[in-house]
Amino acid sequence: PIYLDNNATTPMDPRVLEAMLPYFVEKFGNAASRNHSFGWVAEEAVDYAREQVAKLIGADAKEIIFTSGATEANNLALKGVFEMYASKGNHIITCTTEHKAVLDACKHIEKMGGQVTYLEVKSDGLIDLGELENAITDKTVLISIMYGNNEIGVIQPVREISAIARKHGVLFFTDGTQAVGKVPVDVIADGIDLMSFSGHKMYGPKGVGVLYVRRKNPRVKVTAQMDGGGHERGMRSGTLNVPGIVGLGKACELCMNEMESEGTRLSAMRDRLEAALMQVEEAYVNGNREHRLPHTTNISFKYVEGEGLMMGFNKNIALSSGSACTSASLEPSYVLKALGLGDDLAHSSLRFGLGRFTTDEQIDFTINAITTSVLKLREMSPLWEM
Ligand code: PMP
């Protein structure tokens, strides 16, 4: 089958696996073992990976905290800042289209006595910068707005957001999971104070991720959410996942080298797919098309159910629908609802996530299969009248 669900997870690049392999059996040491060469070898590998990761986002290696993934990094950023800066204030600003790992961490913070403002987005998925600035109070400690959205690919105006945050002395955290490795992200130029991302969205392994925590102008700290041996400068204890970290480092290096040409290749393929599917009547692209990740498009085909539509081709093409959401429920996507889509259009959406191993032939096949399925389903639909 053709894999077009790269926003859910990416296949691992074989070059990443190759880098990881020695660190399972042969070089198995604990990176925190300071007394022998087994530990030194592991520590050296982690140090090298930390450099590779830092380089991709314009950070210093010391600013990289390894975690088990972006979910953990999001929790550490939000809860960690909330706790660390409690004496300054208890207010966090985020938006309604964030990943559940942000929204649910915010709900937890509300239970702990925090106050959270959930900004609505405009119909194109972007936040309103005026609303953001108006939401800031003297109790605000953090703005949490994602870089690129996982469902619609929309890229938020990160530099404008960070400028507002800075002006008011508020920290800025961004969930970079879908953006890092796909588009140029530079924590200095972008004014980012904290940023999460994940190995398995960038052709690296699952179960490893990063929280970038700025160390200069300003020096940022988060309260550990995992206590123990004091690893990762005390911010995240636990024996390091050495093979995973080595893999993530290699994945970052590959993205660094190939991002530019890949971005061009993917956006050309994505645009071709989109243009062809827009030939179908009553098809709509969801979200801003200009400020968008190069590999993502989300399209609603009115009068057909996304789930039903997928049944027509899901043996051959793997992708996601806005009606098959995070849980087993058939609630339409809250992200699409936040753009103002009705249940019908939200339910009739498909998310296309292209990736490093997507080919032009696969796009041709997909255009055909989806067009045929939509037309066939509409013929049978009582809602569709000619
Ligand atoms: N944030 C975003 C924007 C994501 O797309 C994902 C993955 N679905 C996550 C966070 C969670 O990442 P992980 O799977 O590494 O926990």
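These questions and answers look at a ligand shell, a helix pair and a strand in a predicted model.

Local features here need pLDDT of at least 70 and side-chain atom pairs 80 or more, while totals for chains, interfaces and linings use all residues. Residues are numbered from 1 along each chain as its sequence is written.

User: What makes a residue part of the shell around the ligand, and how many residues surround the ligand?

Analyst: 13 residues surround the ligand, and Gly69, Ala70, Thr71, Asn150 and Ser198 are the closest. Helix H3 (residues 70-84) gives the most, with three residues. Helices are DSSP runs of H or I with at least four residues, strands are E runs with at least two, and both are numbered from the N terminus.

User: Why is strand E13 said to be largely enclosed?

Analyst: A residue is buried if 20 or more other C-beta atoms, placed from the backbone, lie within 10 Å of its own. Five of the five residues of E13 (residues 349-353) are buried, so the rest of the structure largely encloses this strand. Ser349, Arg351 and Gly353 point one way, Leu350 and Phe352 the other.

User: How do you know that E10 and E13 pair?

Analyst: Pairing takes at least two bridges found by DSSP. E10 (residues 296-301) and E13 are joined by five and run antiparallel. Therefore they pair. Isoleucine 299 stands opposite leucine 350.

User: What joins E12 to E13?

Analyst: Two bridges join E12 (residues 320-321) to E13, again antiparallel. Serine 320 has arginine 351 as its bridge partner.

Note on methods
Near = placed C-beta within 6 Å. Buried ≥ 20, exposed ≤ 12 C-beta atoms within 10 Å, placed from the backbone.
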